[in-house]
Each structure stands twice: as structure tokens, then as C-alpha cells.
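Reader: Could you walk me through this model, one feature at a time?

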Amino acid sequence: MVIAAPASAPVPAPAKKPKLVFFQWDHSPYARYANYLLQHTQEHVRCLQQFFDVVVVNEDCDFGRICDLHTPDLALFEVGYQSHVSHRIEIRNTSAYPHVPKAALLNADSWSWTRTGAMSDMERWGIGVCFSICTTVHDYMPEALDALYCWPNFIDPAIFRDYGMDKSIPVMLTGMRNPLYPWRQRVHPVLEQSYSCLVSPSHGYLDLTAARVLQGERYARTLNASLFAPTCGTMANEVVRKHLEIPGAGACLVTERTPMVEAAGFVHMQNCVFADSDDILDSLDGLMADPSRLQQITSAGHDLVHRRHTMAQRPQILQWYLLQRSSSPASRIVQHGPFGDLELVDRTVPKAPRRPAGGLDRGHLAAGYASLLQRDIETARRRFNACIALTPIITEARLGLALCDLTAGDPAATAMVAGQLVQETTVQYGAQDPDPVTW
């Protein structure tokens, strides 16, 4: 059972929208590839516009001159985007206008290899506050980052809505099925063997064929014509956009039961279906035989998303801006859960324990490092390699293998791996300094 955090008193909205300068990477090259990724970055801007008068800067610039021109109340800096296509803008003179509050937007997967580069950017720019689009970010970032909050995924309700389409598609299958998505790898074949499914093929983000992917209103209408659509939150147990797009467009969400999905308000057989490969057919068969109950669950999921998970329900950055103006050394700003509001509390109030997401990679990493401390190199390598099998970009696992080499007496192999990690942070991402642990 998930116990919801007590709701804090809402922060009063200002009479006039504060002005926010958003230093966003130049994502326009994605128009040639996975255009929906470009749309996601544009949705971030539209969401911010719900609460701020937004000025977007997506080219190399001087922070002081931008402030001279726009006199912002707040500056938001995008960091960590994991792309070799988007242009990471260079921002100079960030020490100017020290009275303008600064925050970072970590627009990346919580496990991304760009985390160290993002932290380097924040330190160089003098930013101590970070918002992440991922609800699992606290499982992946250092605990020393006290001012770390979630600004979770959302939908555009003008796109993801009930179009009144005829329910002609029993099951719609979308998304990648590589090892990063173990639940999909288990569940999708079971569904394909049992139901008539509409399968939307996946394309790589940098594949020129990605333009063929269903996106925007066409994607939403196809979901609306489907009875069921499954998705999962990767091996990290994240809440991805599909978790919200599916019910938001009027299909019944079928997904894995995870702490973050429950934190979003989803409840089995009330507004979604929690299932796995061993029981998914029983659940779907039962609902197909009971159309009235299926409609109730689908409608409840739709209502949940439109009540709690549209761009109008993501005020956390505005809340931080308003609260920090009245904060003091004796207070701190806390967030009530990954989807919750921010509140100013006395610094002596104990921190509420966070419920971990239970990502598969975190389990492998913990076991790997525990084995390494016991000098059980074989077991440690096996667990680190199991982590990398989920996705090869997890820095902690690669560093763990390097430490295995070092413990086994092969410093040359260690240096090679560590050098690759340093190069990725400083050359590929462009940070001014590497991860100090790797260095």
C-alpha cells in the first residue's frame, strides 16, 4: 500500500508571471531524426510558460549581457542532455548578476553517462539547485546534492485526450524492446501470441527512418482507438511519458507495479492494470469479458492523468522560486514525493525517508561493490557485467570493472577504462573537468 504524503499548503501564485530565461540546448538538429524528441524539448518550454514569462536562449552567449537585455527574475540552465546531435551551448560570465537565482534542469535519464558532466556544469556556473525530469533521480545522484527536486514528465492535454475513436485495436505495442526494457521483453511476446496487436516498430533516435514513428496527434488518436497499451519504466522503474500518454489518450494502461508508478497515483484495477508475463492474459481476458469494468478503469486512468499530470500541474520550479525568496539559513525547501509540491520547512525537521525505485541496475551495483570489498573479483565482475547488459552506459558499473582489474593486478586495463570515462565527460559531453572519482 502506498501512503500519500500530506499535501502542503499551495504556494500563492504571483499576480504577474516572473520572467525566466531558459538556457536550453539547441535541439533543432533532431528535426531530421526523431522529431518527437525535439517536440519534447518544446513541451518543456510550453510547460514553463504556464508559470513564467519565458525567454529561450539556445545559442552561445554571455550571461551578463542576457541579463542586461531581459532582466530576468530567474535563470534556468538545461544540463545533461544525452545527445551527440543537439548543441550544448556555451554560457560565459555566469558570475554576473549574482542576485538572479539560478537552477539547473537535468534533462536526461537518471542513469545517464552525462551526470558527471551535468554536475561539472552546475559547479562551474555556481548552481546548487537541480530539477530532474526523472522520478528516480535520487537513486542516481549524490546525496550531498541537498537541493535536488523532481519536475516529472507530463502530457499536453490538447494532444493526449479522448478523441471518441472506435475501439478497433485490442492491444497497441509501442516502444523499444532492448535489454533496457526487461518488462517489455517478457510481456510483449506473450501479447503478440495471444491477441491481435498493432505493433509500432521502434527506430533509433539518430535513425533517419525515425520520422516514420507515430507521433503527436496521430499517435494519440491511435492510442485512443486501442483498448489496451502496455509500457514500462525501463530497468530503473521510472515513470516515462508513455505511462501518462496512454491513459491520457483514453487507452487502458497496462504496466509493471513499481514504487514510482504508484506514487503517480496508479492503482491496480482502479485506473490501470498491473501485470507481468505470468498473469497478464488473465487480467486482459477478464476485462475484455467485462466491457463495463474496462471502461470504468480506462476512464479513471484518463481522469487521473488530466487531473494530476498535464503541463498545468508542474509548478515545482515556480514554487521553488517563490519559496527561496523567503527562505533563510534556518530553513530548507523540501518536496513531498516525486510528484509533490515544494514546501519551506525548518532545517531541524528530519528529512523524510525516500522510497527507492528498486532499479535492477542498482541491485547489481550494490552486490558488485560488496563483492569487490570482499575481494571476490569473479562475483563482482559478474554483477557489474549484468548491470552493463541492461545498458552499457552506466558509469558506476564500468568503473567497478576497472576496479576489478586494478584489484586483480592489471593497472593498464584500469587506466584504459578510466581514460574512456574521462574522455566521455570532458570531450564528448564537453565538461571542463572529469568526474573526480574516475580521475
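Author: We will go from confidence to sheets, crossovers, helices and cores.

Author: This is a predicted model, in which local features need pLDDT of at least 70, side-chain atom pairs count only at pLDDT 80 or more, and totals for chains, interfaces and linings use all residues. Residues are numbered from 1 along each chain as its sequence is written, and side-chain values use heavy atoms, with hydrogens and water left out.

Reader: What is the mean pLDDT of the protein chain?

Author: pLDDT is the predictor's confidence in each residue, from 0 to 100. Here the protein chain has a mean of 93, and 95% of its residues reach 70 or more. Where pLDDT is low, the predicted coordinates should not be read in detail. That applies to residues 1-8, where pLDDT stays under 50. For this stretch the model has eight contacts (heavy atoms within 4.5 Å) beyond four places in sequence.

Reader: Which order do the strands take in the open sheet of six strands?

Author: Helices (H or I, at least four residues) and strands (E, at least two) are DSSP runs, numbered from the N terminus, and two strands pair if DSSP finds at least two bridges between them. The six strands follow the order 2-1-4-6-7-8, with parallel pairing. Strand 2 (53-57) and strand 8 (148-150) each have a single partner strand, so one side of each has no neighbour in the sheet. From one strand to the next, the twist averages 25 degrees. Strand 1 (residues 19-23) pairs with strand 4 (residues 74-79) over four bridges, with leucine 20 partnered by leucine 74. Strand 1 also pairs with strand 2, over five bridges, and there lysine 19 has aspartate 53 as its bridge partner.

Reader: Which residues touch the most other members of the largest nonpolar core?

Author: In soluble globular proteins, nonpolar side chains tend to be buried together. A nonpolar core is a set of buried (under 20% relative accessible area, 1.4 Å probe, protein chains only) Ala, Val, Leu, Ile, Met, Phe, Trp, Tyr and Cys residues joined through side-chain atoms within 4.5 Å. Of its 41 residues, Phe23, Phe63, Phe77, Ile91 and Leu106 touch the most other members. A second, separate core of 38 residues includes Tyr140, Ile280, Ile388 and Cys404.

Reader: Which faces of strand 12 are covered?

Author: In a regular strand the side chains alternate between the two faces of the sheet. Both faces of strand 12 (residues 252-255) are covered, with Cys252 and Val254 buried on one side and Leu253 and Thr255 on the other. This strand belongs to an open sheet of five strands, ordered 10-9-11-12-13 with parallel pairing. Strand 10 and strand 13 are the edge strands. Four bridges join strand 11 to strand 12, where proline 230 stands opposite valine 254. The crossover from strand 11 through helix 6 to strand 12 is right-handed.

Methods
Axes fitted to C-alpha atoms, helices over the stretch in contact; angles between N-to-C directions. Buried < 20%, exposed > 50% of the residue type's maximum accessible area, 1.4 Å probe, protein only. Right-handed = clockwise from strand over helix to strand, strands pointing away.
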